[in-house]
Amino acid sequence: MYEAELKAACMFYGLFPKRCLNLSLKSTAQDLSIVEDDERTTVRQNASSHRHQVALGTEVIETLAAWKVTSVSCSNNWLFAGIIATEDPNQGGYGSSSAFGWAGQGQVYLGGTNNQGLGGWVGWQ
């Protein structure tokens, strides 16, 4: 009868073990390579390419999720990590009304609108 409340309380107090999902990505462009192993997914853009590229998740995440993103290097210190909920994320990209995420130079996108420095975000360190 109170199953949902019990689950919520257990999750709040950390009584359920954390699960690590290995998510797969796919590229929408030939000059973006994706290499996956047991521990991480590495996305590399061809050094001669200077345009925005998209790496798509191949699974639907139906639970709470946390990501760990490590940017080793990126041009102009700009990288968008977030969610774009459209059929074709190349149309509108981070400026789409369905885009939510963090980018370089202190940019935080909520519904495709830049909220500079929101929550103290200064960009990739």
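Biologist: How many helices and strands does the chain have?

Modeller: One helix and eight strands. Keep in mind that this is a predicted model.

Biologist: What share of the residues is buried?

Modeller: The chain has 125 residues, and 20% of them are buried.

Biologist: Which residues make up the largest nonpolar core?

Modeller: There are five: Trp-78, Phe-80, Ala-99, Ala-103 and Tyr-109. In soluble globular proteins, nonpolar side chains tend to be buried together.

Biologist: What does Tyr-109 touch, leaving out residues up to four places away in sequence?

Modeller: Its contacts include four core members: Trp-78, Phe-80, Ala-99 and Ala-103. Tyr-109 also touches Tyr-94, Phe-100, Gly-101 and Asn-114.

Biologist: New topic, the surface. How much of the chain's accessible surface belongs to carbon and sulfur atoms?

Modeller: 54% of it. The accessible surface comes to about 9,900 Å².

Biologist: Which residues make the nonpolar surface patch of about 460 Å²?

Modeller: Ile-61, Trp-67, Val-69, Ile-83 and Trp-102 make that patch.

Biologist: Where does Ile-83 lie?

Modeller: In strand E5, which covers residues 81–84.

Biologist: Why does Ile-83 count as partly exposed?

Modeller: Because its relative accessibility is 47%. Buried would mean under 20%, and exposed would mean over 50%.

Biologist: Last one. Take contacts between residues at least 6 apart in sequence. What share joins residues at least 24 apart?

Modeller: 28% of those contacts do.

Technical notes: Residues are numbered from 1 along each chain as its sequence is written. This is a predicted model: local features need pLDDT of at least 70, side-chain atom pairs count only at pLDDT 80 or more; totals for chains, interfaces and linings use all residues. Side-chain values use heavy atoms; hydrogens and water are left out. A nonpolar core is a set of buried Ala, Val, Leu, Ile, Met, Phe, Trp, Tyr and Cys residues joined through side-chain atoms within 4.5 Å. Buried means under 20% relative accessible area, exposed over 50%, partly exposed in between (1.4 Å probe, protein chains only). Contact means heavy atoms within 4.5 Å. Helices (H or I, at least four residues) and strands (E, at least two) are DSSP runs, numbered from the N terminus. Accessible areas come from the Shrake-Rupley method with a 1.4 Å probe; for residues, only the protein chains shown count as cover. Patches are made of residues with over 30% relative accessible area and no salt bridge: like charges are joined within 9 Å, nonpolar side chains (Val, Leu, Ile, Met, Phe, Trp, Tyr) within 5 Å. A salt bridge is a side-chain nitrogen of Lys or Arg within 4 Å of a carboxyl oxygen of Asp or Glu.
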